Amino acid sequence: MCGIIGYTGEKTATPILINGLKSLEYRGYDSAGIALLENKKFSVIKSKGELKNLIKKTEKENSVSSVGIGHTRWATHGKPDETNAHPHTSSDEMFTVVHNGIIENASVIKKELEKKGFSFASETDTEVIPQLLSYHYDGNISSTMQKAFSSFDGSFAVAFLCRDFPDTIFAARRQSPLIIGRGENESVVASDTCALSENIQEFTCLEDDEFAIIEKGKIEIFSSGLKPINKKFRKIESVAEKHDKCGFEHFMLKEIFEQPEKIKNLLKGKIRNKKVFIDEIAELSLEIIKAEKIYIVGCGSAYHAALAGKFAIEELCGVPVEVDIASEFRYRNPPVKENTPVIVISQSGETADSVAALRLANSKGAFVIGIVNVPGSTIANESDYVIATKAGREVAVATTKGYITQVMALYLFALHIADIRKTIPDRAIEIYTEELCRIPDKISEILSDTSVVENLAEKYYNKNDIFFIGRNTDFAAASEASLKLKEISYINCSAFPAGELKHGTIALIDKGTPVVALCANERLFKKTLSNIEEVVSRGGEILCVTRKNKIISEKYLSIEIPNCSDLFVPILEIIPMQLFSYFIAKKKGCNIDMPKNLAKSVTVE
Ligand code: G6P
């Protein structure tokens, strides 16, 4: 992960770098730092923790330098302290570097350099980059870059300054994203387009093993063999969405409340003659539509969206769906046949494991359909077709609107394919389609009164462990509910298929153990109810998430959701569960939008 930014131009660099870092903080917030180049000297300012700490420090500085680089860190090698914060500078102070990625052979290179007399100040893998650049440097910067970067294994997006080139930023990339923006007399390098300053009119993406020499408004790009590359620059189309809480206390709450609108947005233009039709996949060939198997891969919440989508696709399209965690899929050599659809789900479109899964699928001749929120991201660019989830920029690290639009996109996909495969009657498609169109109102109904969930937070916020159980579609929602709560409240949560509890986990149920039972799936309600009874008879305390007016027992606490088909239950059940997590984390005083140890976009494996 980590976010990197660099600026060279005619303005004072510090505020531009800080603004860029603000937009990139979603990529990590363990520490932050900037380096400025002025009068052939670096001035490096670093700070542990969130960006606000660095901002305080920079306010005391009055540098007018107009060239600099910045970094916001998600620690991989070395604890999140100031010494390990980027930028890292070579011992001879010739190079200073910011890096996103992992240099996998850093320890070997470090040993070699130590033998040659180099000494290292930090525990990071990154520090080998400035030191190796310095080792190879003979005045020829291009060949120095070529020699240094060809030695590294692993992934890197790097921006660096060299004392001998007062107005220039150098950049290199392998696997981690890096874009370069150009304006009049100024240039910016960044991990994401959202960090480009407003005067930048166009940008290009650096590809694997390319180098860039970036000057004010002038950019030269080279291949690893140092051949100049004529890159296409794209106009920046839209101004980044406002980074504003709009009166909500946290971005997470704001984003929870945006969900009905975002789903409406996604539905727009996709309903025709009472059925679903997705233009983005209008040209899918019959061979792909009639495939005998579909794979879905993703990480974190995207994986949970896949779990929810699997039930809909299998039921409506009559095709087996294999769901996999991207970091597992990429290393297990799955026997994916040519032209088999592989759906890769990713909010950011940059998750390293999901990108690798996509590339593996591609290499096997699969047909990749990306379900992606960020247009222009790696997964969006490398998929054969993309279904855009249109959730807009998500700021809170714990995804809400990103997840829910992924689930909705999968439901829409299922209905689109079912219609062509003719696996269910037309009337059934119409009924399901109509139901999907009512989902935004049902979510609004849940959001219209949050008091029940807020009161429950009072009872649960001081628990150490909470279990989530559910069957079938309820289990998909339970998995996401459990992740949501653990990531923002730090309570130890785990989710189990309700029927699986008795095969071991029930040993952990004791007097007062909190168990959240998701049981809105009508078909399996009685089965889940038996599992609830098993928990209760061992002293467990049940909180049910159930359909409206479904009387389970006066004895159990419950949260009600509006009625819907069993297939679509996760998209409604997750709403009160997002709020449950939010209010518990708030009650505990946690940093809701930026939970510890996490990052929004995980670009390392
Ligand atoms: C991180 C985020 C999760 C997200 C996962 C996958 O772990 O904290 O919220 O679900 O990455 O991200 P993606 O961008 O691929 O959906």
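User: Hi! What should I know about the model before we start?
Analyst: It is predicted, so to speak of local features we need pLDDT of at least 70, side-chain atom pairs count only at pLDDT 80 or more, and totals for chains, interfaces and linings use all residues. Residues are numbered from 1 along each chain as its sequence is written, and side-chain values use heavy atoms, with hydrogens and water left out.

User: Thanks. Which residues come nearest to the ligand?
Analyst: There are 14 residues around the ligand, and Ser301, Ser346, Gln347, Ser348 and Thr351 come nearest. A residue is near if one of its heavy atoms lies within 4 Å of the molecule.

User: Which polar side-chain atoms lie by an oxygen atom of the ligand?
Analyst: One belongs to Ser348, 2.6 Å from a ligand oxygen. In Thr351, a side-chain N or O atom is 2.4 Å from an oxygen atom of the ligand. Gln347 has a polar backbone atom 2.7 Å from a ligand oxygen. A polar contact here is a pair of N or O atoms within 3.5 Å.

User: And how much of the ligand does the protein cover?
Analyst: The protein covers 90% of the 390 Å² of accessible area that the ligand has on its own (Shrake-Rupley method, 1.4 Å probe).

User: Which helix gives the most to the shell?
Analyst: Helix 9, residues 300-317, with three residues; helices are DSSP runs of H or I with at least four residues, and strands are runs of E with at least two, numbered from the N terminus.

User: Where does the ligand sit?
Analyst: In the second largest pocket, meaning that more than half of its atoms lie within 2 Å of the pocket's grid points. A pocket is an open set of points on a 1 Å grid over the protein atoms alone, with protein on both sides within 12 Å along at least five of seven lines, and lining residues have an atom within 4 Å of a point.

User: What volume does that pocket have?
Analyst: About 530 Å³, counted as the space filled by probe spheres set on the points. Its lining has 24 residues, with Cys299, Gly300, Ala599, Lys600 and Val602 closest to the centre.

User: New topic: how many cavities of 30 Å³ or more are there?
Analyst: One; a cavity is a set of points where a 1.4 Å probe fits but cannot get out. The largest cavity holds about 70 Å³ of space. Its lining has 15 residues, and those nearest its centre are Cys2, Trp74, Thr76, His86 and Gly101.

Terms used: Polar contact = N/O pair within 3.5 Å; in protein donor to acceptor, adjacent residues only side chain to side chain.
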